[in-house]
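Here is a briefing on one protein model. Please look over the sequence and the structure first; the notes follow by topic.

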Amino acid sequence: MNLFNLLRIAYRALIRNKTRALLTMLGIIIGIASVIAMVSLGQSSSKSINDQISSTGTNLIMVMRQNQRQGGVNIGSANVQSLKEEDVTAIMRKAKYISMASPVISASGQLVSGSNNWPGTIQGGNTSLLVIRKYEVASGTMFTEPDVRAAAKVCLVGQTVADNLFSNGENPVGQTIRFGRIPFKIIGVLASKGQNQMGQDQDDIVVAPYTTVQKRILAITYIHMIMASAMSEDVAPQALNEVEGIMREQHKLKAGQDNDFQVRSQQEMLKMMNSVTGFLTVLLAAIASISLVVGGIGIMNIMYVTVTERTKEIGLRMSIGAHNKDILLQFLCESIILSLVGGVIGIIFGLILSYAASAALGWPYMVSTTAVGLSFVVCAATGIFFGWYPAKKAAALDPINALRYE
Amino acid sequence: MNRIIEIQELRRTFQVGSEQVHALKGISFFINEGEFVSIMGTSGSGKSTLLNILGCLDRPTSGEYFIDGTAASKRTKDELSTLRNRKIGFVFQSYNLLARTSALENVELPLLYNSAIPSKERRERALHALEQVGLQDRLHHMPNQLSGGQQQRVAIARALVNDPVILLADEATGNLDTRTSYEIMSLFQKLNAEGKTIAFVTHEPDIAIFTSRTVQLRDGHIVRDAPVTPKAAAESLAALPVDVDF
């Protein structure tokens with residue numbers, strides 16, 4: 001029998017029972033739709049996280065203090081004083097892949113302006129800190145090199161700090177706030193950046209010259225961290241190695257000796273986040289594919305019942321000349337058509353669903369062609385796998401008994 | 001004359017539990033082209049078994065069976081299927097039409113299992129077969145929109161569509177009232193007059209009178225095989241009182 005006749009027979013048999021065909025397909029539709037939606041949403045969320053991390057700069061490289069042990073006592077990283085201003089100078093002088101570097105020193109305390117106060121962190125850096133961290137000045141100006149040299153008591157505030165300290169809406173620029181006992185003159189307000197991927201408010205920040213924080217607030221000689229920018233995203237890994245080399249040289253570490261600092265890049269962060277969202281996507285898709293299996297079993301169930309119900313029809317087809325193989329292929333075709341048509345409807349539903357969900361969550365809309373293609377293959381496989389047994393059963397019927405079946 | 005059907009010493013034995021049941025105990029006969037044979041017998045006489053073998057649905061335990069000159073007694077299942085598709089037209093007691101399928105599509109069905117026939121020819125032959133049974137104005141009716149007699153006509157058209165060497169009717173009037181039975185028998189007589197060979201299995205003597213030869217089976221043996229002068233079904237139909245249906 002040729003394929004065209006076979007498809008015609010299977011199609012006619014299905015169309016005779018539209019409601020049943022549709023209900024049978026429902027399982028597959030739901031299964032495929034949920035797999036597509038889950039995979040698409042997973043990709044959307046990782047794209048959204050990627051975008052957010054990129055907005056903080058994927059070329060960001062951080063040198064941090066390392067936990068250290070002294071005589072068996074882990075003294076943590078907070079008390080480690082290994083990072084110095086000279087390290088920053090050395091990086092700037094020697095590194096080929098680094099465009100900018102800034103020391104970072106942070107101090108927490110209460111910010112006071114008139115009757116308002118707000119718990120804040122002052123982050124001290126040099127003039128390139130804002131560029132490295134991808135902040136922009138909304139109004140006012142950034143502090144200058146002379147300000148850094150003079151440890152000037154000036155600062156820029158983030159939007160959240162400005163809103164809380166100046167709740168009546170006056171312009172913060174030019175105002176003076178107190179950090180502890182030290183008065184700071186606000187010379188600029190930072191443009192709002194919103195929350196980062198960890199849910200931290202990136203506008204809850206005060207930026208001042210690092211010299212001011214180091215000498216006037218904390219009275220220390222070391223620095224907490226170094227933030228640097230790689231020339232570009234592409235050379236970030238080289239920049240990372242380069243910085244590590246310079247730092248080891250700077251700290252006079254011998255070969256084989258552990259680093260007394262840590263170098264981290266935003267790209268590593270990105271990788272980590274991607275592995276988390278990737279895992280979640282796989283997990284959700286796995287759960288969704290359970291419904292796909294249930295849908296497949298639904299097809300098998302209906303096809304199985306159908307074979308019994310259509311025994312007489314099978315007997316008739318055999319009596320007018322259908323070979324066993326024809327009957328087998330007809331039932332197999334029916335289940336494949338059911339699962340493929342169900343799959344296509346499911347894909348459409350899944351795409352609509354993921355579009356709606358990513359629109360509602362404000363995520364970028366991603367269509368996973370792999371997921372769509374794979375769903376199609378899975379559908380066909382489901383049809384064959386779950387259709388085989390009932391089809392086999394139908395083909396094995398004896399025409400005489402099948403014709404007499406009531 | 002062409003021998004359409006020839007059987008020699010045909011035996012069929014069934015194994016029922018530990019017992020052997022001999023349904024056919026060595027029967028021989030032949031049917032020539034253009035004959036209208038009724039195969040009669042009570043239930044248990046072996047007529048259904050004989051019909052199954054004649055219809056290539058079953059294989060004899062021993063003996064020979066030739067249909068249209070082809071030996072059919074030792075064929076594989078698939079070869080038997082092809083024989084049924086090309087040589088035999090079945091008409092069943094309960095019509096066995098596919099539900100929710102138009103008359104035309106029902107009639108086309110046997111040709112779908114013959115890949116040598118293109119779809120245009122399939123359609124033409126189905127139309128022709130429906131014309132032969134007088135249903136040319138019911139092509140797109142579903143079985144549930146047709147009366148019993150009309151459904152049986154569709155079934156007869158389906159049996160005719162592959163141009164079989166023999167029509168095998170199994171109690172084809174068993175579900176019909178007298179008037180409709182006579183109409184169907186009249187149709188069979190018309191087809192026979194046009195040259196179709198027909199074997200008609202029945203247990204009703206008043207249906208067998210419309211055939212030209214009666215083969216009587218009892219307990220697996222042929223007890224009578226005699227030509228009869230067929231009564232014209234059209235006459236019987238005309239003789240029926242008008243209110244017989246009511």
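**Strand S7 of chain B**

From S7(B), B:Ile166, B:Leu168 and B:Asp170 point one way, while B:Leu167 and B:Ala169 point the other way, and all are buried. Buried means under 20% relative accessible area, exposed over 50%, and partly exposed in between (1.4 Å probe, protein chains only). Helices (H or I, at least four residues) and strands (E, at least two) are DSSP runs, numbered from the N terminus.

This is a predicted model: local features need pLDDT of at least 70, side-chain atom pairs count only at pLDDT 80 or more, and totals for chains, interfaces and linings use all residues. Residues are numbered from 1 along each chain as its sequence is written, chains are lettered from A and ligands numbered from 1 in the order in which they are written, and side-chain values use heavy atoms, with hydrogens and water left out.

**Strand pairing around S7(B)**

- S7(B) covers residues 166-170, and five of its five residues are buried.
- Strand S6 (residues 88-91) of chain B pairs with S7(B) in the parallel sense, over four bridges. Strands pair if DSSP finds at least two bridges between them.
- B:Leu168 in S7(B) is the bridge partner of B:Phe90.
- S7(B) and S8(B) also run parallel, joined by four bridges.
- B:Asp170 stands opposite B:Val201 in S8(B).
- S7(B), helix H6 (residues 178-193) of chain B and S8(B) make a right-handed β-α-β unit. Right-handed means that, with the strands pointing away from the viewer, the path from the first strand over the helix to the second runs clockwise.

**Nonpolar cores**

- The largest nonpolar core has 69 residues. Such a core is a set of buried Ala, Val, Leu, Ile, Met, Phe, Trp, Tyr and Cys residues joined through side-chain atoms within 4.5 Å.
- Helix H2 (residues 18-55) of chain A gives the largest share of this core, eight residues.
- B:Ile166 is among the residues with the most contacts inside the largest core, as are B:Ile7, B:Ile39, B:Leu50, B:Leu54 and B:Tyr65.
- Beyond its neighbours within four places in sequence, B:Ile166 is in contact (heavy atoms within 4.5 Å) with residues including B:Ile4, B:Ile31, B:Lys87 and B:Ile198.
- Another core lies apart, with 64 residues, among them A:Leu83, A:Phe143, A:Ile187 and A:Leu190.

**Aromatic pairs**

- Over all chains there are eight aromatic pairs. Rings of Phe, Tyr and Trp (its six-membered ring) pair if their centres lie within 6.5 Å; planes under 30 degrees apart count as stacked, over 60 as edge-to-face and the rest as tilted.
- A:Tyr304 and A:Tyr389 are stacked, 5.8 Å centre to centre with 10° between the planes.
- That pair links helix H9 (residues 266-309) to helix H12 (residues 369-395) of chain A, 85 residues apart.
- A:Tyr304 is partly exposed because its relative accessibility is 32%. A:Tyr389 is also partly exposed, at 48%.
- B:Phe36 and B:Phe200 are edge-to-face, 6.5 Å centre to centre with 65° between the planes.
- This pair joins strand S3 (residues 36-40) to strand S8 (residues 198-202) of chain B, 164 residues apart.
- Both B:Phe36 and B:Phe200 are buried.
- Ring pairs also bring B:Phe188 into a cluster with B:Phe36 and B:Phe200.

**Charges over rings**

- The charged end of A:Lys193 sits over the ring of A:Tyr135, 4.7 Å from its centre. The cut-offs are NZ of Lys or CZ of Arg within 6 Å of the ring centre and within 35 degrees of the ring normal.
- B:Arg3 has its charged end over the ring of B:Phe30, 3.5 Å from the centre.

**Helix H10 of chain A**

- H10(A) (residues 311-319) is largely enclosed by the rest of the structure, because nine of its nine residues are buried.
- Its buried residues include A:Lys312, A:Glu313 and A:Arg317.
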